[in-house]
Amino acid sequence: MARYTGLINRYRNRLPISTETRIISLNEGNTPLIKLENIPKLIDKDVEIYVKYEGLNPTGSFKDRGMTMAVTKAVEEGSEAIICASTGNTSASAAAYAVRAGIRAFVLIPDGKIALGKLAQTLMYGAEIIQINGNFDQGMSLVKEVAKHAPVTIVNSINPFRIEGQKTAAFEIVDDLGDAPDYHCLPVGNAGNITAYWKGYTEYAVDKVATKLPVMCGYQAAGASPFVNGAMMDNPETVATAIRIGRPQSWDFAWNAQKESGGWFDKFTDEQILAAQKMLSYHEGIFCEPASATSLAGALHDINNGKIKEGSKIVCTLTGNGLKDPDTAISQCKDTHPVTIEANLDAVKKAILDNM
Ligand SMILES: *Cc1c(COP(=O)(O)O)cnc(C)c1O
C-alpha cells in the first residue's frame with residue numbers, strides 16, 4: 001500500500017477536496033476490521049461477525065473521520081474558530097483537530113454527563129469548554145443559534161463535510177471484505193453515522209465497487225430511542241452517554257437509510273448494552289465504550305430471533321474506545337476486584353495455584 005497519511009489522502013477522489021487544499025489530518029481512518037472468533041461459537045450460530053474498531057482513531061472514536069474533513073474545509077473557507085455541542089467524543093475530536101490547524105475550538109458539553117476520558121482529552125487539547133446545565137439536545141440548539149451571531153463554524157454532523165469524512169468507513173469495509181456485508185449494525189444517537197455509512201455504501205454500489213448494499217440496523221438505548229418510538233423525545237437517559245440523545249439532527253436521513261436498505265431500528269436496555277460490552281472484552285479481547293456495544297447487543301438479539309439470517313456476513317461498528325469511560329468499566333467489575341496479598345513468593349504461588 002502507498003504510504004498512508006489519513007483518509008482524505010486515501011479517498012481524495014471521492015471527497016470534495018482539491019489539490020490546493022491544506023489537509024488537516026492526524027492519520028485517522030484505516031481502522032481494523034476484526035473477525036469475532038469466540039462469540040459466534042458461544043451463541044452456536046453460523047454467522048460471520050466483524051467489528052469495525054473505530055476506537056483506534058487518533059482521539060479514540062469515529063468522530064475523527066468527520067472532523068478531518070470538517071476542519072479541513074473550515075480552514076479552507078478562512079474560519080478561525082469551530083464550535084460543537086457534544087456528549088464527549090465530538091468535543092475531544094474537534095479540540096484535537098483545531099490544535100492541529102491552529103484555530104480555536106469551543107465545545108458545549110452537558111454538565112456532569114460526559115465520560116471521564118473524553119473530558120480529560122478535551123482539557124488536554126486546550127479547547128474552550130462551556131458546560132451547560134442541560135443535555136446534548138439543548139446544547140445543539142444553542143450552538144445552531146449562536147453560530148448565527150458569532151464567527152464560528154459548526155462541526156457537528158449537521159455539517160455536511162462530517163458526513164463526507166465518515167462515509168469512508170463504509171469504503172474501508174468494502175475494500176477489506178471485497179464486497180459489502182449483508183448487514184451493518186451500529187449505535188444511533190444523532191444519526192450522522194448511519195447516514196454516512198449509507199452514503200458510502202450507496203456510492204460504492206453505484207460505481208460498482210460493491211455488488212450489493214447491506215441491510216442497515218440502527219440500535220438505540222431504551223431510554224433514548226426516538227427512532228424506535230417514531231417521535232423525538234425530551235429527557236433521554238442511558239449509561240451509554242454517547243447516544244444519550246432525544247432529538248437526532250439527521251432524522252430524515254436516518255429514516256431514509258432504514259427504508260432504502262430494508263433495515264430497522266430497535267432498542268436495548270442499559271443492562272443489555274453493558275452485557276454486550278463485557279462480552280466483547282471478556283471473550284474477544286476488544287474493549288469498546290458502552291454506546292459502541294449497542295451494535296453487538298442488537299446484532300446478537302436479531303441473530304437469535306432469526307431477523308438476521310444464518311450464513312450472513314455482519315459488520316458491527318464499535319464507535320469508540322473502552323478507555324473513554326473507565327468509571328463505567330470499573331463499576332461493572334465490582335465482584336472481580338483484585339485481592340491483595342502479602343508480598344512474598346508463597347503467597348503469590350498460592351494465588352496462582354488456587355486459580356488454575
Ligand atoms: C457519536 C457517537 C455515537 C453516535 O453516533 P451518531 O452519528 O450521533 O448517531 C455512538 N457511539 C459513540 C462512541 C459516539 O461517539
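Residues are numbered from 1 along each chain as its sequence is written. In this predicted model, local features need pLDDT of at least 70 and side-chain atom pairs count only at pLDDT 80 or more, while totals for chains, interfaces and linings use all residues, and side-chain values use heavy atoms, with hydrogens and water left out.

**Overall form**

- The protein has 15 helices and ten strands; helices (H or I, at least four residues) and strands (E, at least two) are DSSP runs, numbered from the N terminus.
- The radius of gyration of the protein is 20 Å, which agrees with the value near 21 Å that a compact globule of 356 residues would have. This radius is taken over C-alpha atoms, and the globule rule is 2.2 Å times the number of residues to the power 0.38.
- Along the principal axes, the C-alpha atoms fill a box of roughly 65 × 50 × 45 Å.

**Burial, contacts and surface**

- Of the 356 residues, 56% are buried, where buried means under 20% relative accessible area, exposed over 50%, and partly exposed in between (1.4 Å probe, protein chains only).
- Among contacts (heavy atoms within 4.5 Å) between residues at least 6 apart in sequence, 71% join residues at least 24 apart.
- The protein exposes about 15,500 Å², of which carbon and sulfur atoms supply 53%; accessible areas come from the Shrake-Rupley method with a 1.4 Å probe, and for residues only the protein chains shown count as cover.

**Charges**

- The mean positions of the 35 positive and 40 negative charges are 3 Å apart.
- Lys and Arg count as positive and Asp and Glu as negative, without His and the chain ends; each charge is placed at NZ of Lys, CZ of Arg, CG of Asp or CD of Glu.

**Domains**

- Domain 1 comprises 7-60 + 162-331, and domain 2 comprises 63-159; these bounds come from an automatic or database domain assignment.
- The contact between them takes 48 residues from domain 1 and 39 residues from domain 2.
- The centres of domain 1 and domain 2, taken over C-alpha atoms, are separated by 22 Å.

**Selected residues**

- T294 is found in helix α13 (residues 290-304) and is buried, with a relative accessible area of 0%.
- Not counting residues up to four places away in sequence, T294 touches P187, Y219, Q220, I243 and I273.
- G29 lies in the loop between α1 (7-10) and β1 (33-35) and is buried, with a relative accessible area of 9%.
- G29 and K313 are 284 residues apart in sequence and 22 Å apart in space, C-alpha to C-alpha.
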